[in-house]
Amino acid sequence: MRKLLTIIFLMLLLAVAGGIFWWQSNKKAIVKNQIENAITKVTDSAYFIHYDSSNIDELSGNASFYNIVMQSDSLQKLS
């Protein structure tokens, strides 16, 4: 019984560690895609947002974005 509990604990620990590693390696791309899609959707594709880099601290709830550029699509505005 003890061996089974140890195996279950180790598997759970590996799953949590894998999830944390995956989130840390993919969080910037996920956030960037969500922000770009939200701006495009809300403005009906009239504006696009781009930024160079970001710093995301989910523990404190802070996110910083650097060199933000918001461009308008002049052809979309005319139509």
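This is a predicted model: local features need pLDDT of at least 70, side-chain atom pairs count only at pLDDT 80 or more; totals for chains, interfaces and linings use all residues.
The backbone at D44 is worth a glance: its phi is near 55°, a positive value in a residue that is not glycine. D44 is also exposed, since its relative accessible area is 56% and the exposed class begins over 50%.

S45 sits in the loop between α1 and β1 too. S45 is not a glycine either, yet its phi is positive, at about 65°. Is S45 buried, exposed or partly exposed? With a relative accessibility of 30%, S45 counts as partly exposed.

Now move along the chain to the strands. β2 and β3 run antiparallel and are joined by 5 bridges. To find one of these contacts in your viewer, pick S53, whose bridge partner in β3 is Y66. The hairpin that β2 and β3 make has 4 residues between the strands, and in this hairpin G61 takes a positive phi near 85°.

Next come the rings. How many aromatic pairs does a search of the whole structure find? The search finds 1. The partners are Y51 and F65, arranged edge-to-face, with 4.8 Å from centre to centre and 70° between the planes. Y51 belongs to the loop between β1 (47-50) and β2 (53-57), while F65 is in strand β3 (residues 62-66), so the pair ties together parts that are 14 residues apart in sequence.

The two partners fall into separate accessibility classes. Y51 has a relative accessible area of 6% and is therefore buried, as the buried class covers values under 20%. F65, at 28% relative accessibility, counts as partly exposed.

Y51 has another neighbour to look for. The charged end of K32 sits over the ring of Y51, at 5.1 Å from the ring centre. The ring of Y51 thus takes part in the edge-to-face pair with F65 and also has the charged end of K32 over it.

Terms used
Residues are numbered from 1 along each chain as its sequence is written. Side-chain values use heavy atoms; hydrogens and water are left out. Rings of Phe, Tyr and Trp (its six-membered ring) pair if their centres lie within 6.5 Å; planes under 30 degrees apart count as stacked, over 60 as edge-to-face and the rest as tilted. Helices (H or I, at least four residues) and strands (E, at least two) are DSSP runs, numbered from the N terminus. Buried means under 20% relative accessible area, exposed over 50%, partly exposed in between (1.4 Å probe, protein chains only). A charge sits over a ring if NZ of Lys or CZ of Arg is within 6 Å of the ring centre and within 35 degrees of the ring normal. Two strands pair if DSSP finds at least two bridges between them.
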